[in-house]
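Subject: Structure for you to look at

Hello,

Here is the structure I promised to pass on. Please open it and keep it beside this email as you read.

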Amino acid sequence: MNIFHRSLRQKVILGYIIGFVLMAGVVLVNWNNLGNIRDIVLSGEKVSDLFDATLEIRRYEKNYFLYGKSEDHDELLTYVEKTEKLLEENNKELGLFSGPAVISELKKNIKEYRELLGTIRDLREGENRNIWKERLRNKGREIVTTTEDMSRTEKRIIQETLLTSRNILIASIIFLVSAGFIVGAIFFRMFIRPLRLLEGQMKSIANGEFSFIPVVSRDRELMSLSKAFNTMLVELELRQMHLVQTEKLASLGTLLFGVAHELNNPLSNISTSCQILKEEIDEADIGYKKELLSQIESETDRAKDILRSLLDYSRSGEKETINLKKMVAESIRFIGGDAPAKVGIDLNIPEDLSLFADKQKLQQVFLNLIKNAMEAIEGEGKISISARKVKDTIEIKVSDTGKGMEPEMPSKIFDPFFTTKIAKKGYGLGLFVVHNIIGEHGGTIDVESSLGHGTTFLIKLPVKELKDEK
């Protein structure tokens with residue numbers, strides 16, 4: 001099975017095993033290297049002992065020839081025996097610093113030295129004694145030269161071994177650090193990066209961008225997590241659509257209440273005129289009858305205008321050139337019946353200001369903003385709606401003299417499901433829908449508010465872009 005198709009748990013266990021094997025390998029290499037250093041140092045001590053013993057041979061040799069004492073001869077012989085013993089017992093260790101031929105030659109020289117020493121001891125005075133002494137000295141010099149070379153070789157090998165050990169230790173550290181970086185990069189690729197991608201997707205979802213989370217890893221745990229989030233996302237999107245539709249129906253209910261209130265006046269006038277005409281139809285003169293019929297016709301046209309506005313509102317998704325002032329006035333008329341008696345609405349928009357947009361959606365924007373402004377005003381107050389054209393942008397302000405907001409609220413009010421209303425008074429989607437509608441039209445909406453000083457919404461719609469859509 002490919003390790004990249006395993007679960008995260010298996011990968012973590014495999015990572016620990018690989019890390020343990022690498023660490024164990026490095027430890028074993030360095031442990032073996034330390035063992036080699038120990039063997040070389042111990043062997044080097046034998047070389048040092050051998051070299052010291054040969055130096056003592058030379059020292060007692062000199063004393064023996066100078067003073068001729070038997071004690072010096074005995075000490076000299078003792079060190080010769082010691083040298084022979086060192087050569088016999090440490091043949092393997094000494095072989096690390098010289099070849100077998102050198103050691104054999106050294107043993108031979110020591111043996112010859114002992115024989116020369118015995119010969120000199122047995123010679124009488126004057127029997128070519130000086131010649132034998134010179135031979136002994138020469139042989140002693142050969143022995144010391146050989147052991148000195150072995151000592152130098154021992155020091156050189158120890159230095160080289162220490163240098164090699166240092167290099168191995170440095171290489172081990174570099175290897176472990178590099179392996180750590182590589183393992184870290186692999187872990188980042190396998191774990192951290194997919195989790196960061198999931199985090200970024202979830203932040204987008206939190207901001208209202210409902211897009212499915214891609215399967216960013218083939219690990220079972222991350223695949224299950226991605227699928228679970230996508231399932232949750234589908235359910236959440238369905239619920240939000242339901243709540244948004246509920247919010248739209250709430251706006252439609254407000255609109256219908258306003259339409260019913262507006263229709264009540266012309267229908268009442270029509271009913272009154274018809275009642276009068278019915279009662280006076282035989283006695284009234286023709287002019288009065290025409291006047292009553294004219295009133296009926298006028299009020300009927302007024303009712304038709306109200307119904308036409310309602311039909312225009314129902315045509316969602318159809319963009320057209322609309323007169324901004326007329327559209328906002330219709331929105332005010334729709335919601336006017338729900339307005340408190342002490343709340344006035346001031347409209348200050350130029351007559352010739354037009355834009356290309358979805359009329360129903362923009363009316364929904366103003367219905368939400370005006371309704372929120374009415375709810376923010378406690379007692380007497382005023383709502384002001386103004387607009388102006390600044391270069392290629394239409395700026396619209398909706399202000400109220402209500403209670404305002406806490407300092408932290410303006411940054412949250414466009415988030416979905418954020419609401420300050422009491423339970424069952426709203427879902428916190430009104431301004432979220434407003435923000436989305438303005439975004440669909442390529443515009444922006446901002447809010448300025450302070451506690452006790454009212455609230456102002458600033459909408460900016462790009463004229464050129466909207467005209468180009470036409």
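Below is what was found in it, from the whole protein down to single residues.

**The whole protein**

Keep in mind that this is a predicted model. The protein has 470 residues, and 36% of them are buried. It holds 11 helices and seven strands. Its accessible surface is about 28000 Å². Carbon and sulfur atoms own 56% of that surface.

Start with helix α1, which covers residues 8–67. F20 is found in this helix. Is F20 buried or exposed? Its relative accessibility is 62%, so F20 counts as exposed; the cut-off for that word is over 50%. F20 also belongs to a nonpolar patch on the surface, with I13, I17 and V21. Together the four have about 410 Å² of accessible area.

**Aromatic rings**

How many aromatic pairs does a search of the whole structure find? It finds two. One is Y60 with Y79, and this pair is stacked. The ring centres are 5.7 Å apart, with 20 degrees between the planes. Y60 lies in helix α1, while Y79 lies in helix α2 (residues 70–89), so the pair ties together parts that are 19 residues apart in sequence. Both Y60 and Y79 are buried.

Y64 and F65 make up another pair. Their ring centres are 5.8 Å apart and their planes meet at 40 degrees, so this pair is tilted. Y64 counts as buried because its relative accessibility is 9%. F65 is at 13%, so it counts as buried too.

Charges also sit over rings here. The charged end of R59 is placed over the ring of Y60, 4.5 Å from the ring centre. Likewise, the charged end of K69 sits over the ring of Y67, at 5.8 Å from the centre.

**Helix α2**

E71 lies in helix α2. With a relative accessible area of 51%, E71 is exposed. Along the chain, E71 and Y60 are 11 residues apart. Their C-alpha atoms are separated by 9.4 Å.

Helix α2 also holds K85 and E89. These two form a salt bridge, and their closest N and O atoms are 4.0 Å apart. They stand four residues apart, about one turn of the helix.

E148 and R152 form one of them, at 3.4 Å from N to O. Both are in helix α5 (residues 129–206), and being four residues apart they are separated by about one helical turn. E148 has 32% relative accessibility, so it counts as partly exposed. R152 is also partly exposed, at 47%.

R388 and E395 form another salt bridge, with the closest N and O atoms 3.2 Å apart. E395 is buried, at 14%. Elsewhere, salt bridges that share partners join E81, E84 and R114 into one network.

S98 sits in the loop between α3 (91–94) and α4 (100–122). It is buried, with a relative accessible area of 14%. What is S98 in contact with, leaving aside its neighbours within four places in sequence? The answer is I103 and M150.

Last, look at helix α10, residues 430–440. Its buried residues are G430, L431, F432, V433, V434, I437 and I438. G442 follows α10, and its phi is positive, near 75 degrees.

Find the Y60 and Y79 pair first. Then move on to the salt bridges.

Best wishes

Technical notes: Residues numbered from 1 in each chain as written. Predicted model: local features only at pLDDT ≥ 70, side-chain atom pairs only at ≥ 80, totals over all residues. Heavy atoms only, no water. Patch = residues over 30% accessible without salt bridge, like charges linked within 9 Å, V, L, I, M, F, W, Y side chains within 5 Å. Areas by Shrake-Rupley, 256 points an atom, 1.4 Å probe, with all protein chains shown as cover. Salt bridge = Lys/Arg side-chain N within 4 Å of Asp/Glu carboxyl O. Helix = DSSP H or I, 4+ residues; strand = E, 2+ residues; numbered from the N terminus. Buried < 20%, exposed > 50% of the residue type's maximum accessible area, 1.4 Å probe, protein only. Phe/Tyr/Trp six-rings, centres within 6.5 Å; stacked < 30°, edge-to-face > 60°. Lys NZ or Arg CZ within 6 Å of the ring centre and 35° of its normal. Contact = heavy atoms within 4.5 Å.
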